Amino acid sequence: MTVHEALPEPANPVGLDGIEFIEYATSQPQAFGALLQKMGFHPVARHRSREVVLYRQGGMNLIVNSHEAKQPTPELKAIALRVRDAGQAWSHSLAMGAWEIPTRASAMELNIPAIHGVGDSLVYFVDRYRDFSIYDVDFVFESGIDRNPPALAGLHYFGVVQSIYGDRTRDWVDFYRHLFGFSVLPEGQYFGVLPKGTLLESPCHKFYLQLIEPPPGSEEIHWEEQLVRIGLGAPDVPAAT
């Protein structure tokens, strides 16, 4: 399904201000971490009580969670959104019909509000990302390293790709539009290397979501609704590659 009609520019109901972190889960964190380091990410901190490592480059935070992970293949499990007020964003989302995630914080850990995302993924809301961040509480930074390593070739988060079931584009457009104020780009306007599906722009104009339905003739393909991959942007893609 393709969204054709022109929609007015939405508001920014939760004060969205970009992506705070992306979270992957894997039972083989060392192998995945080695790949991330080849892409310019640096392991800068470890969680105080769980098998979780924070990787960083430039403005990108990427969390590798191996705590109770069972699958070796890295799975995209969560996206954390920078918002004006995390509590207000969470309450607004619930009022709009989102599903609540029960509190899971342990002693000496922050309670980061979250809702159910696509599949078994989570959407977190973070309002502590300036002088004081969530990592100052839950993580222990490695000694003698740069906590804020520069981005390789200006890399930054460009967006997230989400697979959806057939004829579900309208449902997911409504979800992201009403909860967060995303807007649909005009048909045929794409960025990057995957000119498919429906592209949504965040109200802060800092990243995109791409919704991909099953392609024609793919009845035999195992297809699930889930977060599939992240997109990285760069001023000069060949140079970054």
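## Briefing: cores, rings and a cavity in a predicted model

The largest nonpolar core here has 41 residues, and Leu81, Phe125, Tyr176 and Phe180 have the most contacts inside it. Helix α4 (residues 169-180) gives the most to this core, with six residues. A nonpolar core is a set of buried Ala, Val, Leu, Ile, Met, Phe, Trp, Tyr and Cys residues joined through side-chain atoms within 4.5 Å. Buried means under 20% relative accessible area, exposed means over 50%, and partly exposed is in between (1.4 Å probe, protein chains only).

Keep in mind that this is a predicted model: local features need pLDDT of at least 70, side-chain atom pairs count only at pLDDT 80 or more, and totals for chains, interfaces and linings use all residues. Residues are numbered from 1 along each chain as its sequence is written, and side-chain values use heavy atoms, with hydrogens and water left out.

**The overall picture**

- The protein has five helices and 13 strands; these are DSSP runs numbered from the N terminus, with helices being H or I of at least four residues and strands being E of at least two.
- Of the 241 residues in the protein, 45% are buried.
- Among contacts (heavy atoms within 4.5 Å) with a separation of 6 or more, 72% join residues 24 or more positions apart.

- Leaving aside neighbours within four places in sequence, Leu81 is in contact with Leu16, Gly18, Glu20, Val123, Tyr124, Phe125, Val126, Phe180 and Phe207.
- There's also a second, separate core of 18 residues, which includes Phe21, Val52, Ala78 and Phe141.

**Aromatic rings**

- A pair of aromatic rings is described by the distance of the centres and the angle of the planes.
- Rings of Phe, Tyr and Trp (its six-membered ring) pair if their centres lie within 6.5 Å; planes under 30 degrees apart count as stacked, over 60 as edge-to-face and the rest as tilted.
- By this rule you get 12 aromatic pairs.
- One of them is Tyr176 with Phe180: the ring centres are 6.4 Å apart and the planes are at 35°, so the pair is tilted.
- Tyr176 and Phe180 both sit in helix α4, four residues apart, which is about one turn of the helix, and both are buried.
- Tyr176 and Phe180 also belong to one aromatic cluster with Phe125, Trp172, Phe175, Phe182 and Phe207.

**The cavity**

- Searching the whole structure turns up one cavity of 30 Å³ or more.
- A cavity is a set of points, on a 1 Å grid over the protein atoms alone, where a 1.4 Å probe fits but cannot get out; lining residues have an atom within 4 Å of a point.
- The largest cavity holds about 90 Å³ of space, where the volume is the space filled by probe spheres set on the points, and points are joined across faces, edges and corners.
- Residues lining the largest cavity include Ile79, Leu81, Tyr176, Phe180, Phe182 and Phe207.
- β5 (75-82) and α4 each supply at least two residues of that lining.

**The two sides of α1**

- Pro29, Phe32, Gly33 and Leu36 are buried in helix α1 (residues 29-38).
- These four cover an arc of only 100° around the axis, which puts them on the same side of α1; the arc is that of the directions from the helix axis to the C-beta atoms.
- Gln30 and Lys38, on the other side of α1, are exposed.
- The buried residues of α1 pack against β1 (19-25), β3 (52-57) and β4 (60-65).
- Gly40, with a positive phi near 100°, follows α1.

**Single residues to look up**

- His92 is in helix α2 (residues 86-95) and counts as buried at 18% relative accessibility.
- Not counting residues up to four places away in sequence, His92 touches Pro13, Val14, His178 and Leu179.
- Arg50 lies in the loop between β2 (42-47) and β3 and is partly exposed, with a relative accessible area of 30%.
- Arg50 and Asn65 are 15 residues apart in sequence and 8.3 Å apart in space, C-alpha to C-alpha.

- Most residues other than glycine have a negative phi.
- Glu68 is not a glycine, yet has a positive phi of about 65°; Glu68 lies in the loop between β4 and β5 and counts as exposed at 64% relative accessibility.
- Asp167 has a positive phi near 65°, lies in the loop between β9 (156-163) and α4, and counts as exposed at 61% relative accessibility.

Terms used: On a 1 Å grid over the protein atoms alone, a cavity is a set of points where a 1.4 Å probe fits but cannot get out, and a pocket is an open set with protein on both sides within 12 Å along at least five of seven lines; lining residues have an atom within 4 Å of a point.
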